[in-house]
Amino acid sequence: MGDLFDYLSWRGDLTFRQVPPNEVDCLIFAALSYVDFAQTVPAGFQNPVTLELVAKQFLKLENPMERTRVKNDVKLLHAAAASARYRETKVLYYQNEFLPEQESQFAAVTFLLPIGTAVLAFRGTDDTLVGWKEDFNMSFQPQVPAQEKARYYTEAFAAVHDCPMILCGHSKGGNLAVYASALCRGEMKSRILDIFNFDGPGFSHSMMTDHRYLEAVPKIHTYVPESSVIGMLLEHEEPYRVVKSRQVSIMQHELYSWEILGGGFVETDQVDRDAWHLNLAIKSWLGEKTLQERNAFVDAVYELLSQGAVERTSQLILPRNVLAYLKTLNEDEQMRSMIRGEIAAFLQSILRIRRKKELPTLDSGKE
């Protein structure tokens with residue numbers, strides 16, 4: 001089985017005029033949203049540049065590998081730009097906002113296809129602690145800043161460009177694509193052809209009953225890997241499809257591990273049993289907490305992790321930071337008691353789910 005790079009080898013000679021964009025194309029655009037285009041793509045609506053030119057300019061930047069999430073992002077950018085399918089695609093409206101005081105991390109970029117369709121790609125969570133804090137805030141806030149920014153982004157683009165749109169994103173970016181599609185203004189919403197959510201978390205119960213979200217459900221295409229954790233969080237009303245991955249457990253969230261054959265994903269019927277148990281345990285644990293309790297726990301963990309002068313999740317396990325956490329827990333009895341209690345409650349939830357003799361039916365609700 002292949003991956004995104006094999007797909008470009010197999011189908012890269014077929015232009016979008018010959019074969020319309022599919023789910024794999026949208027995963028590629030979602031992956032490209034992780035690239036820092038600040039010096040190569042205009043922030044506004046004017047003077048869009050071709051992906052071919054963007055790739056050439058990006059390579060000339062100092063330390064281009066440091067301007068992406070993973071090294072494969074640069075490789076994908078150049079492989080796509082070298083293909084007949086992608087090279088004429090124009091890129092514009094790049095935004096990247098990081099606002100710690102608002103606990104907000106947001107980025108998006110738009111791709112104009114030669115067939116006249118625009119693909120709005122929303123970036124998932126980056127390596128910043130603030131970005132992850134915003135994700136956790138979704139468990140108790142009706143909306144987070146990045147969701148509203150995604151809506152504004154979509155409405156601003158649609159107000160200038162009167163064309164069909166596809167919205168997509170990986171991880172939190174998938175959640176943003178769904179949110180923006182559901183809550184953008186009426187006439188604009190009618191121009192949205194499809195919404196692709198690649199292993200993005202769901203929403204609160206209030207969103208599940210919002211008529212605007214329910215009206216958008218038929219356009220939503222959600223894909224999760226077999227061992228999905230991120231994409232199964234919170235609530236979903238839309239059906240989802242399960243993709244095979246070359247990785248294991250939580251590492252399957254990495255989009256470059258998803259298996260592809262021809263012009264589509266290699267699918268299976270269900271998420272695996274361990275992932276299903278874990279997700280049931282998370283839902284059970286969260287279901288026992290009030291919104292205020294969720295808020296207090298998330299704030300406590302964030303305050304603890306911030307003690308070590310941590311800005312990025314990759315710094316969490318540095319010895320000096322681990323020592324800072326231990327010192328804080330030793331001195332703050334209230335924080336220590338809360339975190340210890342919630343960890344115990346979560347472990348009890350896992351044991352409770354695993355002890356059930358009757359296992360749930362693993363039904364993906366496939367489209």
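Helix axes here are lines fitted to C-alpha atoms over the stretch in contact, and the angle between two of them runs from 0 to 180 degrees between N-to-C directions. The model on screen is predicted.

**Stop 1: two helices**

Select residues 273-287, helix H11, together with residues 333-355, helix H14. Their axes come within 8 Å and cross at roughly 130°. H11 and H14 are therefore oblique to each other. View the pair along the line between them: the crossing of H11 past H14 is right-handed.

**Stop 2**

**Stop 2: aromatic pairs**

Now turn to the aromatic rings, which make 20 pairs in this model. A pair of aromatic rings is described by the distance of the centres and the angle of the planes.

Select Phe 16 and Tyr 86. Their ring centres are 5.3 Å apart and the planes stand at 80°, so this pair is edge-to-face. Phe 16 sits in the loop between helix H1 (4-11) and helix H2 (23-32), while Tyr 86 sits in the loop between helix H4 (71-81) and strand E2 (90-99). The pair therefore ties together parts that are 70 residues apart in sequence. Phe 16 is buried, with 2% relative accessibility, and Tyr 86 is buried at 0%.

Move on to Trp 258 and Phe 265, another edge-to-face pair, with 5.9 Å from centre to centre and 75° between the planes. Trp 258 and Phe 265 are both buried.

**Stop 3: an aromatic cluster**

Which residues form one cluster of aromatic rings? Select Phe 45, Tyr 93, Phe 106, Phe 122 and Tyr 153 to display it.

**Stop 4: charges over rings**

Finish with two places where a charged side chain meets a ring. Select Arg 69 and Tyr 34: the charged end of Arg 69 sits over the Tyr 34 ring, 4.4 Å from the ring centre. Then select Lys 75 and Phe 5, where Lys 75 lies over the face of Phe 5 at 4.3 Å from the centre of the ring.

Note on methods: Residues numbered from 1 in each chain as written. Heavy atoms only, no water. Phe/Tyr/Trp six-rings, centres within 6.5 Å; stacked < 30°, edge-to-face > 60°. Helix = DSSP H or I, 4+ residues; strand = E, 2+ residues; numbered from the N terminus. Buried < 20%, exposed > 50% of the residue type's maximum accessible area, 1.4 Å probe, protein only. Lys NZ or Arg CZ within 6 Å of the ring centre and 35° of its normal. Parallel < 35°, antiparallel > 145°, perpendicular 65-115°, else oblique. Left-handed = near helix turned anticlockwise from the far one by under 90°.
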